[in-house]
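Please walk me through this structure, one part at a time.

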Amino acid sequence: MITALLLFWPALAALLVLLVKGQGAKRVAFIAALVEFAFALFAATSFVVDRTAPQFALSVPWVESAGISFSIGMDGISLLMVLLTTFLVPLIVLSSFKHDYKKPNAFYALILFMQTGLIGVFVAQDAFLFYFFWEVALIPVYFISAIWGGARRVAVTFKFFVYTIFGSFFMLAAFIYLYFQTAGTGVAAHSSDVNAFYQLALDSSTQSWIFWFLFLAFAIKMPVFPFHTWQPDTYTEAPTQATMLLSGIMLKMGIYGVLRWLLPVVPNGASQWLDVVLVLSIIGIIYGSIIAIRQRDLKRLIAYSSIAHVGLISAGIFSLTEQGLQGGVIQMLSHGINVVGLFFIIDIIFSRTKTREILNLGGITQSTPALSICFMILMLGSVALPLTNGFVGEFLLLSGVFQYNYVFGAVAGVTIILGAVYMLRMFQGVMFGTKSPETEVFADLTFNEKAVLIPLVIMVFWIGLFPNTFLDISEPAVFNLLNIIQRR
Amino acid sequence: MQEIVMPANRPEMALLCLLIPLLPFIGFALNGLGNRKLPKGLVGLIGCGTVLASFLISVYLFLDFTSSGSRPYTVDFYNWISVGSLQIGFSFLIDQLTLLMLLMVTGIGFLIHLYSAGYMSHDEGFGKFFSFLNLFMFSMLLLVMGSNYVMMFVGWEGVGLCSYLLIGFWNKNTNYNNAAKKAFIMNRIGDLGFLLGIFLIFITFGSVSYPQVFAEATRVAGVDTPVLIAITMLLFVGAMGKSAQIPLFTWLPDAMAGPTPVSALIHAATMVTAGIYMVVRSNVLFILAPTTLDVIAIIGLVTALVAATIGLAQNDIKKVLAYSTVSQLGFMFLALGVMAFSSSLFHVLTHAFFKALLFLGAGSVIHAMSNEQDIRNMGGLKKALPITFLTFLIGTLAISGIPPFAGFFSKDELLAHVYQHSTIMWAFGLLASFMTAFYMFRLLFLTFFGKFRGTEEQRHHLHESPAVMTIPLIVLAVLSTFGGFLGIPSVFGSNHIIGSYLSPLYNYAKGINATPFEPMHLSHETEYLLMGISVAVAIVAIIIAYVMYVKKETVPVSEDTPLSPVHNLVYNKYYIDEIYNNIIVRPLMWLSTAFYRFVDVVLVDGIVNGVGKFVTFSGRTLRYAQSGAIGFYVMVMVFSIVLILFLNFFIG
Amino acid sequence: MNHIPEVIRTIPLEYYLYFSAALFSIGVIGVLTRRNAIVIFMCVELMLNAVNLLLTAFAAYRSDPNGQVFVFFIMAVAAAEVCVGLAIIVMIYRNLRSTDVQLLNHLKW
């Protein structure tokens, strides 16, 4: 039941927020998001760690005659993703407090509505339900970006929308094909349950094309090179809250999709294309990092760095080693935390100086100890310094890739050098040096801003120092996944 | 590596071990969070006090360790990362090597902290400085105490971060920031090698913790197998970055942008010797890979020579010391390459004493000269700074290898090992040592002798540093004078304290190849001869320097005077920075722009947009078929139906 | 008095087929070639009746009343269609002063 509560509470709250007039909506939304986080924490405390089957499961027939059911539940990976989502959404809402968006009730309702979609993706145990939430999550963020975004918002978000929808249809086609291959139970001839998909025995050429259909959808969402071009524009044009939602949570949908709906469903297809996917991912790592080096716009820089980070996650996961998969899971959390923090800091800088150009900034650290510390910590997390969250993830991921292939591992490892190059360059340009006219007067963090950044900073160290808290949760699920993959 | 015993019933030892790195960390947190709020006195007290406490605990641990039979033990705190068979514990290993490093790091660290309290007293970032310095101590202690390679890597990157923060301490200056960035990135190149080495160790030996890895290595691995060469080479790449060896050495001279105590602590005495620590720690693996050892020896020797030649022509007091550090580190790697692990470590120790002394002395000079670093503008400081001069002289004598100062014993022992291995290498080593003596005395003479060449204002301001700065100088001078007696060679009939103390470290390695660990095969005559030669060489160098810079009062020419080609080449550090800039940095920048402007926006996104444009274009073209004339539609419909029926009946 | 189906069966089925095919073709050609909306409309009716004829014939030959029921159905629908269709044509005529369908090409691009 708790899963259903987690799923529907944000949608209900969204309706409630719609009724609130004026800027009070943000407070209602924040409280609703906090309540949701409390639900998630409650779920986490009553979660039994060493069990592989989905917990808090709920299955209601949806289209009974077709074997499609409204089936939800959480295993370790889902739980971590739900925790990440519910942890970040209140912070994202809080981060917008200093902005007075027009039509605030619609803005916040859309954020909450999107949360339902995101949670739905992570808890769905039925292929069509998964597809349903996959699209549900897209619509609100499209509207947020298209209504409250920057100058080029309409063209950019349209491209984003069409691009992701394009991928989704391939996924839908693959799901429909897979659905017709399943054996149903009871009244229905087929079943779209996740386990029915896992039990399919398809020949390798079928698996091969199904793999690409599914991978296309997930690769666009993540995004993996060369399907990434929607991302820098969208991140740059969207309002910061939408950027946070996209980069912090939504791109994890793609990775999660790979873990839940790609690898165990068509393991043979995956194994045929592992090399190709790894090469694409590694190209993404190097390519994204190198482009990030010379970016002048802070948001665009982080967007390209995100491509590099996601490339590493994808490479690690497709190494199909336990280290790679676990590293992928932990890095999803870390990346979510770091990237949301960094985008928020960029938002703070932008709201005070009205510029995101590195060339116009500088010397901020002289008047802002608190901001400098938070920024530094998040940046270090992002460059994977040991004892921060980024290190655990990158260490495991790289070790996974290295086990798969020494050369791939070595090339992917260049990310730790290039990551330092672009991050330090950015940090130096923004924070160090002499003050520019724009940064002449720069106030340190306000209470609200600290309230957003401090939880993030705590999480940076928590994951960095005690990663086992999270690794233990996902371990049985990951182990189970590997079993399913290897069994077939 | 010896057998490890776990401390079963001594929880208080675990606490003490934890406190050693934790105390500086607490200092870091207090000073960091209380930055600009705490009074300077308290900041200094916290900063120095925590390090002193760590030092005292280290001394206690050392005494406890030696009195209870010198049995190494590990202290496990918790499971840090565990994924499948990869188990990384947050745990410390206490053995001879760790304790030696602990004493050195905390001892010298404390002296430098104390010195900083005086040196930085006028700086507005006093609290920030001490918090970073304490963070460095924390990281360095993790590095030497960790009981597995990943823990070492944690400290390894941590010290890199602190180095970055402290080089760029005065972050309003873009040049300093660039130097800091360069140091971090070059270190990261090495770190990647280290990281890959760790992965390979895990894959090969199934663990990353020292005891298991070394036991497994002696059990299964053959000598000089490709995988062992790969592991050791990768680890050595890490050491190259951290210990500034060719080709990753250019960051260290630039790192002198940081405050002088930082140069003394991080870029001379402790952090840069982490590479040597790592190789000594992994001696089992390196003994198993003689090929790598040869590479190390060659790189060490080349670095020692190249850095020494550059040092001959530098005019910045700290740059000279920086190149001498690079050169001395080259000596240490040369020793590692010929499997003289203990000698190398002995040199690490004595080098820490005299190089810290020299840097702090240089700091004292710079302090007195109001931040002037160019030796062309100094001279005759002997009278104004008597304590600094005397201690600096001791440091210079020590580094030049004049008996009975510390450097003599360690360098001599090191060169004797090299001689045993290869006479040619020894000869080149001697050449480097000659140049060292020359440029160090050149520095000394130009700084302290002759006439004062600075401005009137500087002359007026000249003063000896306060006691808080001179006391560390004196302590280090004493250590530099007598530190060498820890390793009196056996020819003098005395016990080599360091050597015998460290020998249990090589228990595993001895099982593979005992030869390098036996006493030297040289006859006493040869040994005396070697010593005589190296002392003679040093004295000749000193005399030449004396003649040139005191008798003739030569002053290096100023910036705009044209130099001879060779001099120019050396003065400009063989243009290595320019070469790196042209073959790595600029192509990377070009690539970044090219990838963004052309590949990403035009090519990849062009294809994506092309699909969109194709759809739009198709729609725009095909819409003309929508003529609006119903008759046309109907006709098309009828013909289509007829066609379908036709196909259905006659084809399908 | 014979039953109607029997009467129908006095003519061979092929004749009905040829006849309704001819009727239908005339209708199609009429729709395709004529420009006057009313004539087109009549041609459509022609096509409908060709189908009706065929349905009746087959119903009689196969003794299946469904076909004849369908004919009634079609006639009812056709009547309704005529109502609406003629009304539209009248409206078009009022607006354009013509019933030429070639003039009605505004619904394009």
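In this predicted model, two pairs of chains touch, and the pair with the most contacts is chains A and B. Chain A and chain C do not touch. Their nearest C-alpha atoms are 23 Å apart.

Look at the contact between chains A and B. Chain A gives 41 residues to this contact, and chain B gives 41 residues. On the chain A side, six helices each supply at least two residues: helix 11 (267-293), helix 13 (322-353), helix 14 (369-382), helix 15 (389-404), helix 16 (406-431) and helix 18 (468-487). Helix 16 of chain A brings the largest share, with eleven residues. What classes of residue make up the side of chain A that touches chain B? There are 25 nonpolar, 13 polar and three charged residues.

Now take the contact between chains C and B. Eleven residues come from chain C and ten residues from chain B. On the side of chain C that touches chain B, seven residues are nonpolar, three are polar and one is charged.

Next, consider the chains themselves. Chain A holds 18 helices and two strands. Its radius of gyration is 21 Å, close to the 23 Å that the globule rule gives for 488 residues, so chain A is as compact as a globular protein of that length. Along the principal axes, the C-alpha atoms of chain A fill a box of roughly 70 × 55 × 40 Å.

Chain C has four helices and zero strands. Along the sequence, the pattern of chain C reads α-α-α-α. Is chain C compact or spread out? The radius of gyration of chain C is 18 Å, well over the 13 Å that the globule rule gives for 109 residues, so chain C is more spread out than a compact globule. The C-alpha trace of chain C spans about 55 × 30 × 25 Å along its principal axes.

Strand 1 (residues 73-83) of chain B pairs with strand 2 (residues 86-94) of chain B. The pairing is antiparallel and runs over nine bridges. B:Val75 stands opposite B:Phe92, which is in strand 2 of chain B. Two residues lie between strand 1 and strand 2 of chain B in this hairpin. In the turn, B:Gly84 has a positive phi of about 55 degrees.

Helix packing comes next. Two packed helices are described by the angle between their axes and the distance between the axes. Start with helix 10 (residues 260-269) and helix 15 (residues 341-368) of chain B, which pack at an angle of about 160 degrees with their axes 8 Å apart. Angles over 145 degrees count as roughly antiparallel. Helix 10 of chain B and helix 15 of chain B are therefore roughly antiparallel to each other. Their crossing is right-handed. The residues that meet include B:Ala264 and B:Ala268 in helix 10 of chain B, and B:Ala356 and B:Phe359 in helix 15 of chain B. By class, the residues of this contact are ten nonpolar, three polar and one charged.

Now see helix 14 (residues 317-337) and helix 18 (residues 423-448) of chain B. Their axes come within 11 Å and cross at roughly 160 degrees. Helix 14 of chain B and helix 18 of chain B are therefore roughly antiparallel to each other. This crossing is left-handed. Among the residues that meet are B:Val320 and B:Phe331 in helix 14 of chain B, and B:Ala432 and B:Tyr439 in helix 18 of chain B. The contact of helix 14 with helix 18 of chain B has nine nonpolar, five polar and no charged residues.

Finish with the backbone. Most residues other than glycine have a negative phi, and most peptide bonds are trans. Where are the exceptions? A cis peptide bond joins A:Phe225 and A:Pro226, with omega about 0 degrees. A:Pro226 sits in the loop between helix 8 (204-221) and helix 9 (230-237) of chain A. In chain B, the peptide bond from B:Ile246 to B:Pro247 is cis, with omega near 5 degrees. B:Pro247 is in the loop between helix 8 (226-242) and helix 9 (251-254) of chain B. A:Phe56, a residue other than glycine, has a positive phi near 50 degrees. A:Phe56 lies in strand 1 (residues 55-63) of chain A.

Note on methods
Residues numbered from 1 in each chain as written. Chains lettered and ligands numbered in written order. Predicted model: local features only at pLDDT ≥ 70, side-chain atom pairs only at ≥ 80, totals over all residues. Contact = placed C-beta atoms within 7 Å. Nonpolar A, V, L, I, M, F, W, Y, C, P; charged D, E, K, R; others polar. Pairing = 2+ DSSP bridges. Axes fitted to C-alpha atoms, helices over the stretch in contact; angles between N-to-C directions. Parallel < 35°, antiparallel > 145°, perpendicular 65-115°, else oblique. Left-handed = near helix turned anticlockwise from the far one by under 90°. Rg over C-alpha atoms; globule rule 2.2 N^0.38 Å.
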